[in-house]
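Keep the viewer open as you read.

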Amino acid sequence: AGANIIKFQAYKAEKLVSREHAKSYWDTSEESETSQYELFKKYETFNRQEWERIKRACEYNNIGLWLSVFDIELFKDLNDLCDGIKIASGDITFKRLIEKSLTTNKPVIISTGGSTNEEIQEINERLANKNAASLFCRLVYPTKDEEGNLQVFSKMREKYRSMKGISDHFRLENGESVILIIRIIPRATP
């Protein structure tokens, strides 16, 4: 497919969402489960041995392994296996995770979907002179073309130096799957 990086999510449902209160934010005609906890529990992270196997497969195929890790314990356990770290939109205020990620000297990407301008400004300042970028993101799963608001990305990119790309969830033309695309767009030097 021409990709040079694969990104997985690593989480434990009980540390990510409330059993009783977290309801679906996805299209329930696609996935009927309405409890975030039950859905996330169903697709919970691999064990260490499985992650090591994935890392070996990535190395064999010359593909970088990136992880979105949602808690400090998993971060500590899996950091040595990943080549880069992605912070999910919902964790833009998880300062301990962001700080730990930035101290690894690995590339870090932070999505900004659902964030306030103040939160994005704070991230923008924190990422200055780091091997890191923020991404414009829509919290719509999947994102329809008319909901993309790509003109907003252009304005935000002008305002925030760290915003270097778009993180989006969209349906393929055949309608069979939803994927995440990240494209880092180089900034022209003045």
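Since this is a predicted model, we can begin with one residue and follow its neighbours. Setting aside residues within four places in sequence, Leu-67 makes contact with Lys-7, Phe-8, Trp-51, Leu-78, Cys-82, Gly-84, Ile-85 and Lys-86.

That residue also leads us to the largest nonpolar core, which has 24 residues. Leu-67 is among the members that touch the most others, together with Trp-51, Leu-78, Ile-87, Val-108 and Ile-110. Which elements give two or more residues to this core? They are helix 3 (48–60), helix 4 (72–78) and helix 5 (95–102), along with strand 2 (64–69), strand 3 (84–87) and strand 4 (108–111). Helix 4 supplies the largest share, with 4 residues. There is also a second, separate core of 9 residues, and its members include Ala-13, Val-17, Leu-39 and Phe-40.

Asn-124 sits in helix 6, which spans residues 117–126. Is Asn-124 buried or exposed? Its relative accessible area is 12%, which is under the 20% cut-off, so Asn-124 counts as buried. Leaving out residues up to four places away in sequence, Asn-124 touches Tyr-160, Arg-161 and Ser-162. With Ser-162 there is a specific pairing to look at: a polar atom of the Asn-124 side chain lies 2.7 Å from the backbone nitrogen of Ser-162.

For a contrast in setting, go to Thr-34, in the loop between helix 1 (13–16) and helix 2 (36–42). Thr-34 is partly exposed, with a relative accessible area of 44%.

Terms used. Residues numbered from 1 in each chain as written. Predicted model: local features only at pLDDT ≥ 70, side-chain atom pairs only at ≥ 80, totals over all residues. Heavy atoms only, no water. Buried < 20%, exposed > 50% of the residue type's maximum accessible area, 1.4 Å probe, protein only. Polar contact = N/O pair within 3.5 Å; in protein donor to acceptor, adjacent residues only side chain to side chain. Contact = heavy atoms within 4.5 Å. Core = buried A, V, L, I, M, F, W, Y, C linked by side-chain atoms within 4.5 Å.
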